[in-house]
Amino acid sequence: MRTTSKLTLLATIACSSIVALVLAAEHPAVSVSADAALAKLKEGNLRFASSEVSQSKPTAARRMETAQAQHPFAIIVGCADSRTSPELIFDQNLGDLFVIRTAGNLVDDHALGSIEYAVAHLGARLIVVLGHQRCGAVKAALESDHAPGHIESLVRDIQPAVKAAKGKSGDVLAAAIAENARQVAAQIKAKAALGDLAREVHIVSAVYDLDTGKIEWANE
């Protein structure tokens with residue numbers, strides 16, 4: 001009887017330990033709060049835009065530090081444009097940003113799954129949808145609602161932003177770029193399955209200026 005009781009107690013403790021480990025793996029410690037992450041991005045972009053020496057150049061030491069684990073403090077949904085690398089324009093290092101890039105900074109099921117993973121398993125609490133000045137994908141959607149090959153899918157998904165922008169004053173391309181980033185941010189908020197972590201996550205949109213290197217953040 002005593003042996004059975006001891007075995008039962010040990011089994012209960014073991015099961016509790018396993019459950020605790022699973023829960024810890026599912027909900028790791030937050031990298032930094034959403035507000036702190038946004039502040040870090042703004043400070044980094046200021047360094048980049050003001051031509052100060054980068055504080056975040058990758059080094060062998062940083063590579064070794066991040067080789068076994070990653071703890072990005074922000075998720076960036078950006079355009080695939082070669083001039084808009086988030087790590088550069090936010091002056092961040094290896095392991096700092098979890099980046100998802102497609103032409104037109106659009107999201108699909110793969111992107112949403114990637115976002116959900118970064119929130120649930122990597123501790124990121126800030127999501128930035130980053131459009132950029134003179135975006136070719138948005139320009140193509142402005143010029144036509146059809147395009148060859150798979151570019152058609154980009155044009156199709158940007159059309160709602162184009163239609164909304166055409167009713168606004170000022171430069172229609174700039175308006176469409178900002179509206180597209182805003183709509184993608186709204187899609188993420190509506191579709192990403194973040195569970196009870198959603199209340200900790202902050203989703204914002206912004207537009208990168210190719211000429212000045214500065215980020216213009218959307219009013220919330």
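**Exercise 1. Describe the lining of the largest cavity by residue class and by origin.**

Solution. The residues are Gly-78, Cys-79, Thr-84, Pro-86, Leu-130, Gly-131 and His-132. Strand 3 (residues 126-132) gives the largest share, three residues. The volume of this cavity is about 40 Å³, and a search of the whole structure finds one cavity of 30 Å³ or more.

Terms: on a 1 Å grid over the protein atoms alone, a cavity is a set of points where a 1.4 Å probe fits but cannot get out, a pocket is an open set with protein on both sides within 12 Å along at least five of seven lines, and lining residues have an atom within 4 Å of a point. Points are joined across faces, edges and corners, and a volume is the space filled by probe spheres set on them. Helices (H or I, at least four residues) and strands (E, at least two) are DSSP runs, numbered from the N terminus.

The model is predicted: local features need pLDDT of at least 70, side-chain atom pairs count only at pLDDT 80 or more, and totals for chains, interfaces and linings use all residues. Residues are numbered from 1 along each chain as its sequence is written, and side-chain values use heavy atoms, with hydrogens and water left out.

**Exercise 2. Characterise the largest pocket and find which element gives the most to its lining.**

Solution. The pocket holds about 460 Å³ of space. Of its 21 lining residues, Ala-174, Ile-177, Ala-178, Val-207 and Glu-216 are the closest to the centre. Helix 8 (172-191), strand 4 (202-208) and strand 5 (215-217) supply at least two residues each; helix 8 gives the most, seven. By class, the lining has ten nonpolar, three polar and eight charged residues.

**Exercise 3. State which residues of helix 6 and helix 8 meet.**

Solution. Val-138, Lys-139 and Leu-142 of helix 6 meet Val-172, Leu-173, Ala-176, Ile-177 and Asn-180 of helix 8, contact meaning heavy atoms within 4.5 Å. By class, this contact has six nonpolar, one polar and one charged residues.

Definitions and conventions
Ala, Val, Leu, Ile, Met, Phe, Trp, Tyr, Cys and Pro count as nonpolar, Asp, Glu, Lys and Arg as charged, and the others, Gly among them, as polar.
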